[in-house]
Amino acid sequence: MFWAAVVPAFLLGFGMLFAPESPRWLFKQGKVAETQIAIKKLWGDKKLDSTMTSLRAGGSETAGEDAGWGDLFSSRYQKVVTIGAALFLFQQFAGINAVVYYSTSVFRTAGITSDVAASALVGAANVFGTMVASSLMDKQGRKKLLITSFLGMSFSMLLLSLGLSWPSLAAYSGTLAVLGTVSYILAFSLGAGPVPALLLPEIFPSKIRAKAVSLSLGVHWVTNFMIGLYFLSAVTKFGVSRVYQGFAAVCLVAAIYISQNVVETKGKSLEEIEMELSPAA
């Protein structure tokens with residue numbers, strides 16, 4: 001199994017040899033000719049003029065020195081950095097890894113004894129949802145997908161909780177649990193899974209982007225570790241139904257937070273997004 005993972009890793013590494021450098025980074029280094037070549041390679045000749053105009057419009061920000069770690073918490077960037085960290089915190093505390101960890105046990109209650117079949121069903125739901133999300137991001141917008149995703153995850157968690165706890169639904173517990181798990185994975189893959197990683201580079205100004213993305217991903221892995229470490233202990237103490245109810249509440253809070261704080265980035269340049277999120281210094 002581990003050797004099989006070498007193949008996609010090698011293909012990705014080899015493919016990166018042919019990937020163009022980021023035009024924004026090249027422009028920041030003063031390599032205008034190479035910037036133009038990269039733009040043509042990525043988007044074609046038609047986008048050259050408009051992209052160069054956009055890069056020059058943000059030239060003062062791009063030409064400056066990168067921000068320090070302390071700048072991330074300044075009044076100018078505090079809001080946008082908080083949003084980036086919050087998205088990954090909500091993503092993990094919404095229970096995605098707990099659902100995946102527990103999915104084989106849930107499927108056994110429905111009579112699916114094959115762990116391979118259970119994992120394949122979860123994986124298929126994830127792939128299908130992500131494919132749908134990729135076609136909707138530029139049509140429906142990032143914010144709308146995130147809100148819809150977290151609301152769908154909240155409903156699915158409640159469905160899972162009912163299927164596992166209500167005596168009156170005992171005859172349908174297995175079916176409800178499987179439906180809740182699959183619908184949760186689908187809802188997650190439609191927004192909460194792929195959108196934060198796409199949204200962060202769009203909302204962070206170029207001056208803080210590298211450090212702000214690093215901080216947000218740090219929050220992601222710390223919360224991921226905490227869920228993996230304490231999930232089974234929480235289930236033992238409170239019961240899986242109550243833990244899932246807690247995840248449902250987190251999803252609902254996430255939807256409310258996103259509706260009030262996250263801006264829509266669809267069709268906007270990085271400079272327009274920065275002006276909307278970060279007040280002038």
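Mentor: Start with a definition: helices (H or I, at least four residues) and strands (E, at least two) are DSSP runs, numbered from the N terminus. This is a predicted model: local features need pLDDT of at least 70, side-chain atom pairs count only at pLDDT 80 or more, and totals for chains, interfaces and linings use all residues. Residues are numbered from 1 along each chain as its sequence is written, and side-chain values use heavy atoms, with hydrogens and water left out.

Trainee: What follows helix 12?

Mentor: Gly 239 does, and its phi is positive, near 95 degrees.

Trainee: How many helices and strands are in the chain?

Mentor: The chain has 14 helices and zero strands.

Trainee: What span is expected for helix 12, residues 209–238?

Mentor: The expected span is 1.5 Å times one less than the number of residues. Helix 12 has 30 residues, and 44 Å is expected. From first C-alpha to last it reaches 40 Å, close to that value.

Trainee: Where does helix 12 bend?

Mentor: At Tyr 230, by about 45 degrees. The bend is the angle between axes fitted to the seven residues ending there and the seven starting there.

Trainee: Why is Arg 142 called buried?

Mentor: Buried means under 20% relative accessible area, exposed over 50%, partly exposed in between (1.4 Å probe, protein chains only). Arg 142 has 6%, so it is buried. Glu 202 has 15%, so it is buried too.

Trainee: And why does Phe 10 count as exposed?

Mentor: Its relative accessibility is 55%, so Phe 10 counts as exposed. Phe 10 lies in helix 1, residues 6–16.

Trainee: What makes Glu 202 and Arg 142 a salt bridge?

Mentor: The rule asks for a side-chain nitrogen of Lys or Arg within 4 Å of a carboxyl oxygen of Asp or Glu. Here the closest N and O atoms are 2.7 Å apart, and the pair forms a salt bridge. It links distant parts of the chain: Glu 202 is in helix 11 (residues 195–203) and Arg 142 in helix 9 (residues 142–165), 60 residues apart. By this rule the count comes to one salt bridge.

Trainee: How do you know where the transmembrane regions are placed?

Mentor: From UniProt, in an unreviewed entry; 116–133 and 212–232 are among the ranges it gives. Its positions use the numbering here, feature names are shortened, and annotations may be inferred rather than shown by experiment. In the model, residues 212–232 are 100% helix, with end C-alpha atoms 32 Å apart.
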